[in-house]
Amino acid sequence: MKTRKLRELNVSAIGLGCMGFSHGYGPAPERNESIRLIRRAFEMGCNFFDTAEGYGAGDNESIVGEALKPLRQKVIVATKLHIPDDSDKSLKMVISEHLEASLKRLHTDCIDLYYQHRVNKNIPVEEVAQCMGELIREGKIRGWGQSQATEQELRRAHAVTPLTAIQSEYSMMERMFEKDVIPACGELNIGFVPFSPLASGFLSGKHHAQSQFTGDDVRKGITRYTKENIQANQPLLDLLNQFAGQKQATAAQISLAWMLHNNDFIVPIPGMRSEARFSENFASAGIELSEAEFQRIEDALSQVEIHGNRTDEDIAKLYK
């Protein structure tokens with residue numbers, strides 16, 4: 001697979017979002033199967049794996065760590081921490097404790113990319129950046145990032161300790177960061193890592209108004225997955241299928257190829273749990289769009305109204 005740069009990290013053009021191996025998208029594979037699939041993704045060209053301490057209360061890091069232990073020197077591992085607002089410990093101690101727990105679960109002594117999972121509004125980003133800089137100097141992490149940060153938040157943090165990447169939602173159905181955050185990343189040599197690059201699977205075209213989402217499937221709380229919005233968003237899928245037919249590709253491949261064409265510092269991390277999806281999505285890195293093709297897609301997208309969205313608040317309601 002082609003590679004890209006997230007600042008100093010050399011990663012496959014498409015990474016693997018590993019959350020679904022523990023929770024979030026219906027029944028997860030059995031643990032040994034998850035480990036096999038993660039290793040298979042590496043064999044198929046992926047060297048960039050994304051997890052978080054919050055996925056399955058540490059279970060996801062444990063699965064990823066076991067899977068990648070024999071491959072550790074050949075892969076880039078990203079994980080994330082939530083910083084509690086109410087601790088009476090120093091910020092450095094809090095972050096260090098979370099980090100040490102992640103290092104243990106991931107079977108490693110250094111994390112390549114350590115994200116603040118969401119920016120705490122009452123903890124100055126400069127203080128977090130200072131702590132991350134100390135951890136880089138101590139050799140505990142190679143780089144750091146923020147998730148769902150604003151342009152102002154990333155600029156303030158970057159001025160203290162340069163950011164490696166911003167991980168935020170981005171797809172044809174959610175383009176709010178194109179106005180300021182993505183251009184700022186390009187200006188400052190910060191990578192941009194889209195989560196939900198296929199809009200939680202909607203852009204694959206594999207779901208329909210009768211689709212059922214059970215258990216802890218986050219799509220129960222994503223409003224673009226209501227029956228009415230699935231039907232209302234059909235014109236977007238029709239557009240994708242039209243372009244896919246012209247390129248002898250799939251809707252998902254066109255969605256990812258469009259994203260990769262946008263900027264060379266963008267590295268999407270779709271969640272995938274089968275070799276068939278690996279084959280489909282990893283092949284997107286080899287689909288080249290001409291400027292004329294890209295512009296035709298952009299022109300068509302400008303005529304499509306998107307119905308529904310994905311918010312942390314809606315998803316949080318599922319777990320109350």
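Is aspartate 217 buried or exposed? In this predicted model, in which local features need pLDDT of at least 70, side-chain atom pairs count only at pLDDT 80 or more, and totals for chains, interfaces and linings use all residues, aspartate 217 counts as buried at 3% relative accessibility, where buried means under 20% relative accessible area, exposed over 50% and partly exposed in between, with a 1.4 Å probe and protein chains only. Residues are numbered from 1 along each chain as its sequence is written, and side-chain values use heavy atoms, with hydrogens and water left out.

The side chain of aspartate 217 meets that of arginine 219 in a salt bridge (3.0 Å, N to O), a salt bridge being a side-chain nitrogen of Lys or Arg within 4 Å of a carboxyl oxygen of Asp or Glu. Arginine 219 is buried as well, with a relative accessible area of 11%. The structure holds 28 salt bridges, including one between arginine 142 and aspartate 112, whose closest N and O atoms are 2.9 Å apart. This pair links distant parts of the chain, since arginine 142 lies in strand S7 (residues 141-147) and aspartate 112 in strand S6 (residues 111-116), 30 residues apart; helices (H or I, at least four residues) and strands (E, at least two) are DSSP runs, numbered from the N terminus. Arginine 142 counts as partly exposed at 45% relative accessibility, whereas aspartate 112 is buried, with a relative accessible area of 3%.

Strand S9 (residues 191-195) is largely enclosed by the rest of the structure, because five of its five residues are buried. Gly191, Val193 and Phe195 cover one face of S9, and Phe192 and Pro194 the other. Strand S8 (residues 165-169) pairs with S9 in the parallel sense over five bridges, pairing requiring that DSSP find at least two bridges between two strands, and serine 168 stands opposite proline 194 in S9.

In the largest nonpolar core, which has 92 residues, Leu16, Ile95 and Phe192 touch the most other members; such a core is a set of buried Ala, Val, Leu, Ile, Met, Phe, Trp, Tyr and Cys residues joined through side-chain atoms within 4.5 Å. Helix H9 (residues 251-262) gives the most to this core, with eight residues. Apart from this core lies another, of 13 residues, among them Leu6, Tyr115, Phe195 and Val267.
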